[in-house]
Structure formats: structure tokens, C-alpha cells
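Here is a short briefing to read alongside your structure. Take a look at the fold below, and then we will walk through it topic by topic.

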Amino acid sequence: MRPIRLPEPPSPTMGVPEIFENGAYNVIRRAVVIGNGFPGSENQSLGLVHALGLADNYVLYRVTRPSGGINEWLHCLPVSLHKILYYIIRRIYSYSRLIVSRGKEIAPLPSENGGSVGLSSILEADSKQIVNMARESYEKDGPLLVVASGRDTISIASSIKRLASEKVFLVQIQHPRSDLSRFDLVVTPHHDYYALTPQAQEQIPRFIRKWITPHEPPDQHVVLTVGALHQIDFAALRSAASTWHDEFAPLPKPLLVVNIGGPTCRCRYGSDLAQQLSAFLTNVLVSCGSVRISFSNRTPKKVSNIIIKELGNNPKVYIWDGEEPNPYMGHLAWADAFVVTADSVSMISEACSTGKPVYVMGSERCTWKLADFHKSLRERGVVRSFTGSEDISESWSYPPLNDTAEVARRVHDVLAERGLRVRP
């Protein structure tokens with residue numbers, strides 16, 4: 001199969017010493033990433049920082065929520081309100097323990113941040129602390145790049161910008177559904193605006209539209225992408241190809257990689273899809289040299305058990321058992337084609353960054369903006385629906401999705417308009 005060469009990520013500006021340009025205060029040398037603890041969300045911020053050349057000079061902070069028990073019902077609330085309510089609940093619970101007879105045992109209330117899950121070692125995002133860092137290091141290191149992603153990070157990130165507007169350049173990934181003037185740039189996919197389209201007006205009840213979509217069409221603050229940002233580029237794939245050479249090079253070709261996620265509220269499935277996927281994969285085995293299957297941590301047991309039962313004993317099939325090292329990057333580098341379940345924008349975006357054939361399973365089960373995402377990819381010729389009748393040995397290609405590098409170029413352009421630039 002003909003190899004696809006991805007474009008190299010944009011390189012930082014080199015050349016004239018800073019003192020002869022606009023001054024050291026106009027050079028960004030370091031970044032702060034504000035995450036929410038979800039890999040799919042944080043990976044987008046890290047991908048942009050990497051593409052901007054600051055992968056070796058950033059600090060990761062997280063906005064964490066209490067977890068476990070009643071907290072699972074409070075995740076729909078703003079994180080600050082969630083923490084206040086949880087504090088009140090803990091106080092009430094502690095008081096109730098004092099008035100319960102000694103003979104009774106009371107199940108302990110889940111500890112904040114999941115108790116002993118290791119979150120104590122993670123830097124908690126504190127707007128005042130990050131603002132102080134930006135101010136204290138400004139004369140030496142110039143402005144601070146802040147990249148945040150996810151709903152829980154919005155209030156922290158916008159507070160940092162408000163308190164140190166001249167010393168911070170803020171990029172918010174995923175639309176904040178609020179005043180865009182609080183951010184220097186907002187990076188969000190086209191399908192986030194789906195609810196403003198005529199077809200969505202017929203599908204989505206009016207009273208919930210404001211909760212799931214931006215209120216206005218994109219303005220100059222917004223950079224639109226096709227899919228999710230990530231850390232996959234030509235250099236990463238080249239490195240992975242070398243790292244995983246001994247394991248993947250001897251495999252019979254073509255190699256089909258199957259990435260299975262898990263159902264979401266916008267893409268529901270269960271055992272029925274697992275049975276269908278197993279049947280389709282069995283049908284295409286004749287045109288495969290080998291098949292590698294991976295499950296995500298969101299994959300329900302009822303789905304993975306069916307796949308393992310139906311395909312686990314086939315000599316062409318290898319199912320990753322979840323033990324380290326994770327072969328995900330090796331799969332991206334060495335696969336000749338992919339089958340990906342429709343629920344994950346991130347997994348699909350990463351597979352589509354390779355330029356190799358990507359077949360999507362279950363897109364007909366997706367609704368609203370996720371369905372719009374799949375439609376846009378099919379119209380671009382980037383993905384095809386998986387039907388079980390494919391000949392995996394027949395290759396097809398497309399211009400690889402390169403959202404991360406394109407967003408990095410847009411960030412460079414906006415910085416240049418303000419007399420700023422990035423130098424690692």
C-alpha cells in the first residue's frame with residue numbers, strides 16, 4: 001500500500017535575536033495547560049501546545065471535582081457550585097454520625113476527588129496562583145500561553161485572563177457557551193454549531209437549544225475545526241513506527257486495526273452492535289492478513305465479551321488485553337486500515353490524521369451534532385461506513401485531517417497581529 005506522508009508540524013520562528021525584534025516581552029516561551037482530568041479533553045490542549053513547539057516547557061493544572069456516590073449526580077452543575085454543595089453534604093453527614101448510636105455502622109461518604117486515587121499529587125488549578133506566576137515571570141519569560149479545554153475549566157481560565165489580560169494569551173478549546181470576549185481564541189469543531197442549522201431546528205426542542213449550542217454564529221474569536229485536536233503528527237507516527245517495528249513489521253498484511261469505544265448519550269448501542277460488528281469483521285477476515293482489536297476504558301463488558309467470544313480464537317485476530325504497554329500509537333503507525341466505533345470523535349480524528357482508510361461502525365445510531373460530524377467526514381471522503389462487504393486489501397486515501405497544525409498556524413497569526421510570537 002502507498003504510504004501517506006503527513007505534513008510536518010509548523011516550526012517555531014528562528015533567526016533574528018529577540019532584542020532586535022519587538023523585545024523579549026513579546027515572546028512566549030512557556031505554557032500552562034488547564035485540564036479537567038478527562039484524557040480526550042486534555043489531549044486536545046497538549047496537542048496544541050506540542051504543535052506550537054512548547055511540549056518541553058508547560059505546566060499541567062487540573063480542575064477536579066469530588067467523585068463517587070452522590071457526586072455522580074452533581075456533575076451537571078458548575079464545578080464551583082458542586083464543591084459548595086458537597087462541602088455542605090459532608091458537614092451534614094459528619095454531624096449525623098455524632099447522633100447515631102455507637103452500635104450502628106455508617107458507610108463512609110466518598111472522599112473528595114475519589115479519596116486515595118492519587119489526585120493529591122496533581123496540581124489543582126488556582127487562578128490566583130497562575131496569575132501570580134504570569135506576573136512574576138513576565139519580565140524574564142514574556143507573556144504566558146494558557147490553553148484550557150472542557151466545561152469545568154472555563155471559569156478558571158477566564159478569571160486568569162481577566163486578572164492578567166496583558167500578560168496572558170488564552171486559548172479555550174471546546175465552545176464555552178458564553179461571552180467569547182473573555183478569551184483570545186476559542187477552538188471548536190464545526191458540528192458544535194449544528195443546532196443553528198435548519199435541520200437541527202426540527203429535531204432539537206427549543207427549550208434545550210441554549211444548553212447544547214452557541215447562541216450566535218462564530219465570530220473572529222472562533223477557530224473552527226473538523227474534528228478533535230490531538231498529538232498525532234508525522235513525527236509521532238514515525239517514532240511509533242520505529243518503537244513498534246519488531247512487533248508489527250512481521251504481521252501478515254494488510255493489517256486492520258479495530259478501535260472500540262463505548263456508548264454515549266448521543267450514540268447509544270450495546271450487545272446488538274457488538275454482534276453486528278463481530279459478523280462484519282468475520283466477513284472481511286478473508287481480505288485481511290491480520291486484525292488487531294482494542295477496547296477503550298469506556299467499552300461495556302457486554303460489548304467486549306461478545307467480541308472476544310466471537311473472534312478471540314481466530315488465528316488472524318489479536319485482542320489487546322489492556323496491559324501495558326498500550327499499542328495504540330503502534331496501531332496508528334502500522335495499520336493499513338481502521339474500523340472505529342462512531343461514538344468517539346477523538347479516536348476517529350486520530351485515525352483520519354494518518355490518511356489511511358477509516359471505516360466507521362454505528363454512525364447511523366448517532367444523533368444531533370455527532371451525526372453531523374460523521375456526515376461531514378463522509379462528504380469529504382475521509383471515512384466510509386463499515387458494512388462487512390469491504391475488501392481491506394483495496395486502499396484509498398484522502399488529504400489527512402490536520403486540525404491541530406492548522407489551529408497552531410492560526411494561533412501564530414493572531415499572535416503576530418498583536419506583535420507576539422512563540423519561541424520554545
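In this predicted model, Ala-31 has Tyr-58 of strand E3 as its bridge partner. Strand E2, residues 30-35, is joined to E3 by 5 bridges, and the two run parallel.

**The sheet**
- E2 and E3 belong to an open sheet of 6 strands, ordered E3-E2-E4-E5-E6-E7, with parallel pairing.
- The edges are taken by E3 (58-62) and E7 (222-225); each has a single partner strand, so one side of each has no neighbour in the sheet.
- On average, neighbouring strands of this sheet are turned by 20° against each other, direction ignored.

**A helix across the strands**
- Helix H3, residues 127-136, lies across E2, E3, E4 (144-149) and E5 (168-173).
- H3 runs at about 175° to E2.

**A helix pair**
- H13 (residues 345-352) packs with H14 (residues 368-380) at an angle of about 10°, and their axes are 12 Å apart.
- Angles under 35 degrees count as roughly parallel, so H13 and H14 are roughly parallel to each other.
- On the H13 side, Val-345, Ile-348 and Ser-349 make the contact, meeting Leu-370, Phe-373, His-374 and Leu-377 of H14.
- Sorted by class, this contact between H13 and H14 has 5 nonpolar residues, 2 polar ones and no charged ones.

**Cysteines**
- The number of disulfides in the structure is 0.
- Cys-267 is buried, at a relative accessible area of 1%.
- Cys-366 also counts as buried, with 7% relative accessibility.

Key. Residues are numbered from 1 along each chain as its sequence is written. This is a predicted model: local features need pLDDT of at least 70, side-chain atom pairs count only at pLDDT 80 or more; totals for chains, interfaces and linings use all residues. Side-chain values use heavy atoms; hydrogens and water are left out. Axes are lines fitted to C-alpha atoms, for helices over the stretch in contact, and angles run from 0 to 180 degrees between N-to-C directions. Helices (H or I, at least four residues) and strands (E, at least two) are DSSP runs, numbered from the N terminus. Angles under 35 degrees count as roughly parallel, over 145 as roughly antiparallel, 65 to 115 as roughly perpendicular and the rest as oblique. Contact means heavy atoms within 4.5 Å. Ala, Val, Leu, Ile, Met, Phe, Trp, Tyr, Cys and Pro count as nonpolar, Asp, Glu, Lys and Arg as charged, and the others, Gly among them, as polar. A disulfide is a pair of cysteine sulfur atoms within 2.5 Å. Buried means under 20% relative accessible area, exposed over 50%, partly exposed in between (1.4 Å probe, protein chains only). Two strands pair if DSSP finds at least two bridges between them.
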